[in-house]
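Subject: Structure handover

Hello,

Here is the structure I promised to pass on. Please open it alongside this note.

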Amino acid sequence: MNPHLDKLQSYPFEKLRQLFAGSTPNPAFKPISLGMGEPKHPTPAFIRQALIDNLDGLANYPVTAGSEALRNAIASWLERRYGLPTLDRATQVLPVNGSREALFSFAQTVIAPDTGALVMCPNPFYQIYEGAAFLAGAEPYFVNSDPARNFSPDYDSVPEAVWQRVRLLFLCSPGNPTGAVLTLTDWEHLFALSERYNFIIAADECYSEIYHGDAPPLGAMQAANLLGLTKEGEPYARLVVFSSLSKRSNVPGMRSGFVAGDAQVLKKFLLYRTYHGSAMGPHVQAASVAAWADETHVEENRAQYRAKFAAITPLIQEVLDVQMPDAGFYLWADVTRSGLSDTEFARRLHAEYNVTVLPGSYLARDAHGSNPGRNRIRMALVAETEEGLEAARRIVQFCHQLKSQ
Ligand SMILES: Cc1ncc(COP(=O)(O)O)c(C=O)c1O
């Protein structure tokens, strides 16, 4: 067996199951889960219809590079959304079956195994980055996000000897779980580091369309373009972005996303994917074309999240330290005021009020003397507003009860 498999940690939800084992949630309350970041708004009817209308495609093997129509829809979306100069449909975009499989397989493509390579990950982070690093025969190196800098990872703390070994850097903006969006200055710094130490940046942008302020989150390709990095040499050199329809269009079950950026890197990734057998089903490709071409449903989806966050966040703020995120659908709250650890908070909230939240320490690793998720909880505001409000009321009651004990 591949010995690297033994390095994989159990998933946060498995840890949660173990945490809750042996305690029965209070039957006086109906269960409400803010645990999993699974979109719950309905899939738009036109996307469902496009899937049905294109079932004839099942009779053919699809190509890994995707149809011309899909590559065009993706490139056009990127150009519109980020104000990019015309992209080469043949070389600068590639469909993937959701960003998760792509984030994982990308590391297998770009890492030379067992060469002492490091894969840099933010901390807290999306667990796939870590597993991707291990199974590519590399080691993850965690850079703690800093609440004082809007949760931006503190790259200045990284020693020179570490940078020398970094071959791949995972980034998540808007971040899961923090909701933080990297700034143009952050990107300028990162692009300079990538050039100096010759590593590839994998920018995970799957939450880019759910945002709470007026300005849409800055994208990595947009930043590269604004910084003039598309004008000379190879455009988007050493940069690949990962995006997805799962959250944007409420189709997590459809498994559709894309990668875009450095054409040289994507050429190798396409080769890898051809062998891996990861072509997207023709009906999914057709439905994805329809989804990327429409913004109305995305605006409606965003409006629903905004209303939900506006209603729920102030309630939670009464009892826990939490700020409105820049983007995404999580609240990343500090539970220190409650007097409980993140795990104890989650365990008791579940037992006493039947509300599930995820302990922050499950989403981060101990690194450099601390676990930056400790004393925080992640709440995914994915369900209907009324259910989220009910969960918030119970959290407020729970915290008041803790104070009076
Ligand atoms: C940060 C982050 N990246 C990627 C994904 C994967 O999303 P998908 O594979 O549905 O595109 C998720 C899913 O929750 C996520 O939270």
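Predicted model: local features only at pLDDT ≥ 70, side-chain atom pairs only at ≥ 80, totals over all residues.

Strands first. β10 pairs with strand β13 (residues 376–380) over 5 bridges, in the antiparallel sense. Leu331 sits opposite Met379 of β13.

Strand β2 (residues 93–96) is likewise covered on both faces. Val93 and Pro95 are buried on one side, Leu94 and Val96 on the other. Its partner is strand β9 (residues 257–261), antiparallel, with 4 bridges. Val93 faces Ala260 in β9.

Now the rings. The structure holds 21 aromatic pairs. One of them is Phe106 with Phe242, edge-to-face, at 5.3 Å centre to centre and 75° between the planes. Phe106 belongs to helix α4 (residues 99–110) and Phe242 to strand β8 (residues 239–244), so this pair ties together parts 136 residues apart in sequence. Both Phe106 and Phe242 are buried.

Trp163 and Phe199 are stacked instead: 5.6 Å between centres, 15° between planes. Trp163 is in helix α6 (residues 160–165); Phe199 is in the loop between α7 (184–197) and β7 (200–204), 36 residues apart. Both Trp163 and Phe199 are buried.

Two further items. Phe29, Phe345, Tyr353 and Phe398 make up one aromatic cluster. Arg273 lies over the face of Phe269, 5.0 Å from the ring centre.

Best wishes

Terms used: Residues numbered from 1 in each chain as written. Heavy atoms only, no water. Pairing = 2+ DSSP bridges. Helix = DSSP H or I, 4+ residues; strand = E, 2+ residues; numbered from the N terminus. Buried < 20%, exposed > 50% of the residue type's maximum accessible area, 1.4 Å probe, protein only. Phe/Tyr/Trp six-rings, centres within 6.5 Å; stacked < 30°, edge-to-face > 60°. Lys NZ or Arg CZ within 6 Å of the ring centre and 35° of its normal.
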